[in-house]
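Here's a quick briefing to read with the model open beside you.

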Amino acid sequence: MAHTIQGFDHRRIQVDEGVELTVAVGGTGSPVVLLHGFPQTHLMWRHVAADLAADHTVICPDLRGYGDSDKPREEGPDTYSKRTMANDVVALARSLGHERFALAGHDRGALVAFRAGLDHPAAVSHLACLDVLPTLDMWKALHGRSAAVGFHLYLMAQPPGLPEKMIGASADAFFSYFLDIWAKDPEAVPADIREVYLAASRNAVPSIVADYRASAGIDVEHDRADRADGRQLTMPVSVLQQDWGAALGYEAAALWGAWATDLEHSTVSCGHFMAEEAPADIARALRDLMAR
């Protein structure tokens with residue numbers, strides 16, 4: 001299997017000063033941007049993207065700091081804030097000729113998508129977030145012994161230095177851990193794709209840590225300010241999640257409902273890597289969203 005999305009054009013596009021994203025583009029029709037999660041690249045969308053390309057222009061970037069996209073040095077909290085990364089996405093779509101587009105994100109990509117929906121409501125027509133909570137709610141949901149499931153969030157929240165050294169010393173073991181425990185269907189990430197993810201992650205430890213560090217700092221500040229101002233997502237929103245609330249003691253639909261005026265929330269039976277474990281279901285859900 002080639003490590004590309006078959007039939008898609010792959011290119012580099014500048015989105016910020018000194019920052020270019022690698023992006024796969026395919027299909028024709030109304031545009032939809034798909035943002036990958038951790039520890040993955042845009043290849044996680046390979047099945048869904050091929051499906052949607054039958055009637056949509058599908059845009060799949062590697063996020064800033066991931067995959068083959070640029071990985072600027074962390075100069076401060078803004079470098080990898082979700083606000084900055086959301087600006088990348090809007091600039092990318094605009095460079096491709098799209099002022100308005102549907103947007104779907106998984107995991108880290110869903111946090112970027114969430115921020116794009118809040119900051120750029122005129123650009124984001126429809127929003128889908130897969131298997132996350134908004135950052136502010138995520139930290140509130142983690143408490144006591146049950147918070148151990150998110151140990152990596154706390155590790156990468158530490159000041160620069162220690163987390164990068166610890167993860168870099170055993171990068172494959174660290175990133176493999178999540179590929180193993182988060183998948184209900186291990187066959188959904190075959191060996192060649194898994195190696196792409198591991199190689200991309202081991203080559204991006206500082207920027208991945210910086211992304212997570214931002215989610216323990218500036219991203220919380222941005223969410224808190226929006227909550228205080230009563231800002232909400234005004235476009236149609238679909239959220240698909242595993243039932244983490246049952247394990248961690250929260251009601252996910254209620255938490256999301258506080259952010260979105262037009263929300264459809266559903267739980268799924270597959271593992272975390274749902275675009276690879278249940279691609280037909282995810283493609284169908286995205287089509288349903290874009291029809292709203």
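A salt bridge here is a side-chain nitrogen of Lys or Arg within 4 Å of a carboxyl oxygen of Asp or Glu. E195 and R202 make one, with their closest N and O atoms 3.1 Å apart. Bear in mind that this is a predicted model, where local features need pLDDT of at least 70, side-chain atom pairs count only at pLDDT 80 or more, and totals for chains, interfaces and linings use all residues. Residues are numbered from 1 along each chain as its sequence is written, and side-chain values use heavy atoms, with hydrogens and water left out.

**Salt bridges**

- By that rule the count comes to 26 salt bridges.
- Back to the opening pair: E195 is partly exposed at 39% relative accessible area, and R202 is partly exposed too, at 33%. The scale runs like this: buried is under 20% relative accessible area, exposed is over 50%, and partly exposed is in between (1.4 Å probe, protein chains only).
- R287 pairs with D55, the closest N and O atoms being 3.0 Å apart. Since R287 lies in helix α14 (residues 279-290) and D55 in the loop between α1 and β4 (56-61), this pair ties together parts that are 232 residues apart in sequence. R287 is partly exposed at 25%, and D55 is partly exposed at 38%.
- E20 and R12 form another salt bridge, at 3.3 Å between the closest N and O atoms. E20 comes out partly exposed at 30%, and R12 partly exposed at 38%.
- There's also a network: R83, R115, D119, D223, D226 and R231 are linked by salt bridges.

- Helices (H or I, at least four residues) and strands (E, at least two) are DSSP runs, numbered from the N terminus.
- Seven of the seven residues of β6 (residues 124-130) are buried, so the strand is largely enclosed by the rest of the structure.
- Two strands pair if DSSP finds at least two bridges between them. β5 (residues 101-106) runs parallel to β6 over six bridges, with A104 bridged to A128.
- β7 (residues 237-241) is also parallel to β6, joined to it by four bridges; here C129 has V239 as its bridge partner.
- β5, helix α3 (residues 108-119) and β6 make a right-handed β-α-β unit (right-handed if, with the strands pointing away from the viewer, the path from the first strand over the helix to the second runs clockwise).

**Nonpolar core**

- A nonpolar core is a set of buried Ala, Val, Leu, Ile, Met, Phe, Trp, Tyr and Cys residues joined through side-chain atoms within 4.5 Å. The largest has 103 residues, and those with the most contacts inside it are L34, W45, L103 and L286.
- Leaving out residues up to four places away in sequence, L34 touches a list of residues including W45, L52, A104 and L286 (contact means heavy atoms within 4.5 Å).

**Two buried residues in helices**

- R46 sits in helix α1 (residues 46-52) and is buried, at 7% relative accessible area. Its side chain reaches the backbone oxygen of L43 at 2.9 Å and makes a polar contact with the side chain of Y197 at 3.4 Å. A polar contact is a pair of N or O atoms within 3.5 Å; within protein, one must be able to donate a hydrogen and the other to accept it, and residues adjacent in sequence count only if both atoms are side-chain atoms.
- A171 belongs to helix α7 (residues 171-181) and is buried at 10%. Beyond four places in sequence, A171 touches R202 and V205.
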